[in-house]
Amino acid sequence: MELDAFEIIQNNMPIYITYMTAKQLSDLKRIKVDIFKKENEEGYQREISNKRSEEFAKYIINAKGISPVSILINVRKKLTFERKMGGYGKLNIPDDSYMWIVDGQHRRQGLIIAINDREEYENFQIPLVITNLTETYEEAKQFIIINKTQKGVRSDLAERFLSRLFEEDENIINQLPSTVTRGITWIPKAIEVSEKINERKDSVWYKKIRFPNEPKLTTLSSQKSFTESLRPIIRNEIFESYDIEETTELLVRYWNAISELCPNSFKLPQEHLIQKTIGIFTLHRLFPLVTSYCGEKITKERIKDVLSKMEKGMNDNYWSNNGQIGLAGTNQKAFSIIYKKLSEYLEEGNVKKIKKKRLFEL
């Protein structure tokens with residue numbers, strides 16, 4: 001196979017920059033992936049994910065997307081390069097050699113799906129970087145380096161950007177892979193609520209939420225964590241009908257009531273966990289249950305009254321770094337265990353729930 005290419009040198013190692021069409025890349029007999037199997041224990045890649053490949057194909061076809069990031073391929077047999085001008089020339093790949101995909105197997109498979117759906121994508125051009133590492137070990141090392149060191153867009157920045165896209169065009173959900181748009185229907189609202197709670201001077205969260213590219217200083221939670229913790233509220237069948245101002249007002253009242261019951265936890269936040277990840281995730285999950293006991297209006301006083309009836313879970317000792325919460329862990333499983341305990345304490349102290357479509361009016 002002969003390809004137009006540019007040769008660059010890194011630490012005396014030649015690297016070739018070129019492209020192939022989707023049809024050329026679809027040659028499964030020639031272009032392979034070194035997958036780990038019982039019969040191939042030297043393989044270093046996982047089995048392909050059909051879902052990821054299908055989502056890439058959907059993005060290319062439905063959103064008329066582009067794929068500017070190159071696929072990395074290695075050829076283990078010796079390559080020859082005929083230089084024409086500068087770094088440009090002809091790259092010759094031996095006909096009896098395999099081409100191993102080091103990075104980009106799901107994009108390649110997505111292109112195969114696109115071709116099967118629409119023949120016009122046979123000519124879709126994909127940039128390639130080709131290396132000539134003769135040892136499988138060196139090839140696998142590149143795979144590990146790429147997957148262990150590359151860092152994508154910070155998720156908090158990505159979420160904010162996607163929320164703006166969604167506001168401008170709700171059809172964006174159908175145009176991008178679900179791995180990209182997951183949460184886009186509720187995250188925009190959660191971000192705005194987080195911003196408003198952070199801006200409210202009467203809120204215990206005033207200037208305590210850290211937004212993208214801001215210094216940590218005296219903040220206690222990242223915007224990403226706070227936003228994600230709001231999911232059980234924003235997506236709740238009752239509270240999803242509340243607008244941003246109403247949701248913000250309710251949460252300010254909720255947290256202010258908690259702060260009056262656990263004053264030292266807020267005066268000494270570094271010595272307590274209530275304003276850390278485990279606190280915000282469990283207490284936001286508890287919020288809908290708390291409001292179900294509040295009656296016609298969810299005032300700060302009513303919330304405080306409901307919470308004060310908990311035998312445990314609503315005092316400074318409970319939320320201390322050295323208390324019961326501190327021993328629970330910091331993963332989602334730990335959050336679920338703490339939430340279950342808190343909900344039990346809450347239900348033991350409060351008898352009657354109020355079931356309404358809307359519980360609160362400004």
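**Helix packing and nonpolar cores**

Helix H2 (residues 50-62) and helix H3 (residues 105-117) pack at an angle of about 55°, with their axes 7 Å apart; helices here are DSSP runs of H or I with at least four residues, numbered from the N terminus, and axes are lines fitted to C-alpha atoms over the stretch in contact, with angles running from 0 to 180 degrees between N-to-C directions. This is a predicted model, in which local features need pLDDT of at least 70 and side-chain atom pairs count only at pLDDT 80 or more, while totals for chains, interfaces and linings use all residues. Residues are numbered from 1 along each chain as its sequence is written, and side-chain values use heavy atoms, with hydrogens and water left out.

**The H2 and H3 contact**

- The contact, meaning heavy atoms within 4.5 Å, involves residues of H2 including Arg52, Phe56 and Ile61, and residues of H3 including His106, Leu111 and Asp117.
- The residues of this contact divide into six nonpolar, four polar and four charged.

**The nonpolar cores**

- A nonpolar core is a set of buried Ala, Val, Leu, Ile, Met, Phe, Trp, Tyr and Cys residues joined through side-chain atoms within 4.5 Å, where buried means under 20% relative accessible area with a 1.4 Å probe, protein chains only.
- In the largest nonpolar core, which has 55 residues, Tyr254, Leu283 and Leu307 touch the most other members.
- Among the elements that give two or more residues to this core are helix H8 (187-199) and helix H16 (332-349), while H11 gives the most, with nine residues.
- Leaving aside its neighbours within four places in sequence, Leu283 is in contact with Tyr254, Trp255, Ile258, Ile274, Met314, Trp319 and Leu342.

Technical notes:
Nonpolar A, V, L, I, M, F, W, Y, C, P; charged D, E, K, R; others polar. Buried < 20%, exposed > 50% of the residue type's maximum accessible area, 1.4 Å probe, protein only.
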